[in-house]
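Thanks, everyone. I will go through the sheet and then some of the salt bridges.

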Amino acid sequence: MPKPSSLYRLIDRLKEKRTLTKDQWVQLISGRTPELAEYLFSLAREERHLHYGHDVYIRGLIEFTNYCKNDCLYCGIRKSNRHAARYRLSEDDILFCCRMGYELGFRTFVLQGGEDAYYTDDKMLHLIRSIKKLYPDCALTLSIGEKSYDSYKKYFEAGADRYLLRHETFDSLHYSRLHPPSLTAFARQECLWSLKEIGYQVGTGFMVGSPYQTAEHLAEDMLFIRKLNPQMVGIGPFIVHHDTPFANQTSGTLELTLFMLGLLRLMLPKVLLPATTALGTIDPNGRKLGILSGANVVMPNLSPAHVRKDYSLYDNKLCTGMEAAEARQSLERLMESIGYQIVTARGDSLNLPSGRPDDSKYRPC
């Protein structure tokens, strides 16, 4: 185990160089202590305040379908879960959510769903154009999984601004232990490079504490993210779902998730970093602690209240029955209690998009 002083020096090096070697990442993650975490969080907050002040951006999350063709072993809406109460929102339903969100000050909408073949390219293009026509001053984020390059390009040309696609884990063997054979780490990562090439503001991320995960896996995730240089990184703790093959696994921890958030802020100072719903699920103070660890985004749910519980990726998901206006007011009070403020803005990343790098280090292989 490295001496504590050497770990503090690694954090200082990360702040200065914005990267570490794989061995250094492993040392830092494996050797973390509560005292080291507090030092990290203090530096992460400095970086976050330098670039984004005390503003917290809000995204209006619309979970529009929980049908999915995939059978990921950790996910509660996996194809094989016959106990899932399936639903799809109509275009009118989605536009109503946008209208309600716009009136509350939301200027980014996030359309998230399973990989549902019902929503063909034609349906998605009509929906994207409708939203952008009604709300041209808003950013539109898609989070609908793996698509072809041509589909991504059509969505972008129709007006989609951002795309969220967690790589989940860089290591191909680890990826294969979490997903069915039809899904590969290579394909997932190639989608992310395609999205960057097209010009999206790209978001990726990983689960913290997923089954079989090691510090080496997390180190490779950090190296991959540094190479990808995304505009957004969404991480959250792995949380079990009782109707999946991982029902008896152990969930990830708040402590490690917060530590990884702090590391991400030092590595990519201008990145958009959400305090996720999963953080709020594993701890009542999770989202607040996420902000204090370097995050600067929260994503309240604009989905109709009666379907929120059915978008059940994991057990005990935080899905309050409050109306959207009440949820926003609650978040405002929470952020104000720790010295931050909710702002009504698109909240674009200061980390500008760029295409594929010329070199192949930490490209999929």
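In this predicted model, 6 strands make up an open sheet, and the pairing is parallel. Reading across, the order is β2-β3-β4-β5-β6-β8. The edges are β2, residues 60-65, and β8, residues 232-233. Each of these has a single partner strand, so one side of each has no neighbour in the sheet.

Further in, take β3, residues 108-113, and β4, residues 139-143: they run parallel and are joined by 5 bridges. For phenylalanine 109, the bridge partner in β4 is leucine 140.

Now the salt bridges. There are 16 in the structure. One of them pairs lysine 132 with aspartate 161, at 2.8 Å from N to O. Lysine 132 sits in helix α5, residues 121-134, and aspartate 161 in the loop between α6 and β5, so the pair ties together parts 29 residues apart in sequence. Are these two buried or exposed? The cut-off for buried is under 20% relative accessible area. Lysine 132 has 16%, so that residue is buried, and aspartate 161, also at 16%, counts as buried.

Next, arginine 162 and aspartate 348 meet in a salt bridge of 2.7 Å, N to O. Arginine 162 is in strand β5 and aspartate 348 in the segment after β11, 186 residues apart. Arginine 162 is at 0% relative accessibility and counts as buried, whereas aspartate 348, at 28%, counts as partly exposed.

Aspartate 348 also forms a salt bridge with arginine 346, with the closest N and O atoms 3.0 Å apart. Arginine 346 is partly exposed at 24%.

Definitions and conventions: Residues numbered from 1 in each chain as written. Predicted model: local features only at pLDDT ≥ 70, side-chain atom pairs only at ≥ 80, totals over all residues. Heavy atoms only, no water. Pairing = 2+ DSSP bridges. Helix = DSSP H or I, 4+ residues; strand = E, 2+ residues; numbered from the N terminus. Salt bridge = Lys/Arg side-chain N within 4 Å of Asp/Glu carboxyl O. Buried < 20%, exposed > 50% of the residue type's maximum accessible area, 1.4 Å probe, protein only.
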